[in-house]
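These notes are meant for someone opening the model for the first time. Please keep the sequence and the 3D view at hand while reading the points below.

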Amino acid sequence: MPHIDNTLPIPNIITLHSLLSGNPPLRPSLRQLTEPRPLEISIASSTEYGHIEVKLGETYVSCKVSAQITSPYEDRPFEGTFAIGTEITPMCSPAFTSGVNADFSTAAPAIVPATAISVNNIDSNKEGQTSATAATNNINNNNNNNNNDNAVTMGGGAVMGLAADQAATEILLSRLIEKAVRRSNALDLESLCIIAGQKCWAVRADVRFLNYDGNLVDAASVAVITALLHYRKPDVEVIGSGEGSELVMYDEKQREMVPLSVLHIPICVTFQFFSTESVERNIKGENANSLVNNKNYIKENSDNDDDDLERMDIDNDAPRGSNEIIIVDATAEEELLSQGSMTVTLNSNKELCQISKSGGLNVDSVRILECCQIASDIVNKWTKEIKKVLAADIEKRRDLRAERVLSVVNDRSTE
Amino acid sequence: MTTTDNSLNLVIPGDSISLENNDISNIALGPNVTLENDSTLQPTTAGLFVSSSTKGASKNLYYVDTASGRYVPQVGDLVVGTIIGQFGEYYRVSINEFSKEVLLNIFAFPNASKKNRPRLQVRELIYARVSSTEKSVDVELSCVDPTTGKDGGFGALSGGYTFNVSCAYARFLLFTPNAPVLKKMVEKLQFEIAIGVNGKVWIKSDSSKATMLCVYIISESQNWKQSEISENVDKLIKKFKSL
């Protein structure tokens, strides 16, 4: 189990940072920066449809799709409904607590003010060791002088994973998945309509997180879309018309189950950003003063908007994204250190469904385009994997005897 | 089942282990075994049954070593912990993620006085010894070697990297003289290591890259066969050099 509570020790932070900012940048697992962990998709049940388990390294997610017949929303009489349930429970990691009253002592706030860590001494050309020692000395100095609270650690703007509090993680995660799968129209809702305005299918995808080692979003998105592709709903037929019409549902033995109409396969790829520069921000010292100055300045010149904007821009002390390191598929530990994340959702036709980046390190637009390119390669790879698993499963479920009987019945050859 | 000194046998609950030596006054029971009757032992969990008699010690020691389970502090254990806070005369130390924290007295260092004592910072790593575990009372650590009163290698660990292995593997690395992985690593690499029986290993080499290699070798070696170790270590070093 990696260090996944917020007590990532200082030596680890420094070593990981110097690894990432080294030349070439390395990850703790010696994985390539843009190489995801091996994806393993398995069909959980050999009889049921739509129950998928996805493993991305140690991250383990399960998704079960179910459907029932309800009445459609009044304003959308021709559409069925689709909902995704993503609840994070302590099952995947004790760092998550169940219920609304999450224990915030186990989930670190978005900006971890616990220690003063200055990593500005780390020089990528020098040996890591000397720089690490220098940084450690610096920490001790800071500690003695200012009682810990004069600087902000790395791990500034990480939004996913434990670096943010659980409620935020959960909301962000469910929104990302919703946007990726539901709002990108991956599932054709109109095909779920049975009788307009009266009966429709309500499809539900329930995601369960079974183990947490970073990157829940990507694993969950793969699980949801694979489960949707795999799911079969029973065939229904409307007999008669008007008042006396009847809805007949056929079970598996009577009629072949019907797959959902999935229009495309959107997959999320999450990037984490690290700055190789110092991320230390002095709260007590200069910047605090400059913030105050800034406020005064705004007051004085409140009639001149342009000037204010300029001034704000200069004083914006967010880490500059000039030489940021970008990694994909972060582990829990990497997520803890990350200074910003971005989720890109794509399908294999290179159609971009969403880009979501909430706060964190500033990143050049060119790098974002690079990210999309990287994401596209990963999406292609994963889409192939999904299709391979589904094809293998269809092969496995073929009922050869029934097929032979049917082929005899339907045999029209004249021999 | 006959047992010989330092032998390893897989046992499961329900087995009965008969002792060669029927003199029960002469045995000491370790974890996970109970005495069924005068001459048989019963394991309470699945694992490897170990019986050992050290030369000079009057008693035979019997216990079942199991790979599963969370770390439970025992007096005398060597642990690696993270400082997570300070209150009054104590540091709060986490030796196990998501478990109750333990205490470390700020004076539990060699020659510590009110003015002269190590000032540890939150998130700093320490190597310490469990000094007291009483029921219903917080577990306490100490950084003093009780036999000499000196530091004995305890104290803050600066630099390096700490990672988790299974408790059983940590015990194996710590208590096996010349553990094969470490023996092989010593031939090829230069490093400092601190192994806590709480399943945490701290390692430090001359660069962060080399540290990571050591981390990688040790955490991977949990799943290696004895015969593969030498080959795999060489392979990893080679892979690492190409990076």
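**Notes on the model**

1. Confidence in chain B. The mean pLDDT of chain B is 86, and 93% of its residues reach 70 or more; pLDDT is the predictor's confidence in each residue, from 0 to 100. Over residues 1-6 of chain B, pLDDT stays under 50, and the model has eleven contacts beyond four places in sequence for this stretch. Two residues are in contact if their C-beta atoms, placed from the backbone, lie within 7 Å.

2. Basis of the model. This is a predicted model, in which local features need pLDDT of at least 70 and side-chain atom pairs count only at pLDDT 80 or more, while totals for chains, interfaces and linings use all residues. Residues are numbered from 1 along each chain as its sequence is written, and chains are lettered from A and ligands numbered from 1 in the order in which they are written. The model scores ipTM 0.80 and pTM 0.77.

3. Chain A overall. Chain A has nine helices and 14 strands; helices (H or I, at least four residues) and strands (E, at least two) are DSSP runs, numbered from the N terminus. Of the 415 residues in chain A, 41% are buried. A residue is buried if 20 or more other C-beta atoms lie within 10 Å of its own, exposed if 12 or fewer, and partly exposed in between; C-beta atoms are placed from the backbone. Among contacts in chain A between residues at least 6 apart in sequence, 80% join residues at least 24 apart.

4. An unreviewed UniProt entry carries the annotation "domain: Exoribonuclease phosphorolytic" for residues 36-101, 166-234 and 326-376 of chain A. UniProt positions are given in the numbering used here, feature names are shortened, and annotations may be inferred rather than shown by experiment. Residues 326-376 of chain A are 35% helix and 27% strand, with the end C-alpha atoms 15 Å apart.

5. Nonpolar cores. A nonpolar core is a set of buried Ala, Val, Leu, Ile, Met, Phe, Trp, Tyr and Cys residues joined through C-beta atoms within 7 Å. The largest has 126 residues, and those with the most contacts inside it include A:V61, A:L228 and B:I126. Helix α4 (residues 216-230) of chain A gives the largest share of this core, eleven residues. Beyond its neighbours within four places in sequence, A:L228 is in contact with A:V65, A:L187, A:A205, A:L260 and A:V262. A second, separate core of eight residues includes B:V11, B:I17, B:Y62 and B:V64.

6. A sheet in chain B. Which strands form the open sheet, and in what order? Three strands of chain B are arranged as β2-β5-β4, with antiparallel pairing; two strands pair if DSSP finds at least two bridges between them. The edge strands β2 and β4 of chain B each pair on one side only. β2 (residues 17-18) of chain B is joined to β5(B) by two bridges, and B:S18 has B:T40 as its bridge partner. β4 (residues 33-37) of chain B meets β5(B) over four bridges, with B:T34 opposite B:Q42, and a hairpin of two residues joins β4(B) to β5(B).

7. Domains of chain B. Chain B is divided into domain 1 (7-65), domain 2 (78-157) and domain 3 (161-241); the bounds come from an automatic or database domain assignment. The C-alpha centres of domain 2 and domain 3 of chain B lie 25 Å apart. Their contact takes eight residues from domain 2 of chain B and eight residues from domain 3 of chain B. On the side of domain 2 of chain B that touches domain 3 of chain B, the elements giving two or more residues are β8 (78-87) and β11 (125-132) of chain B.
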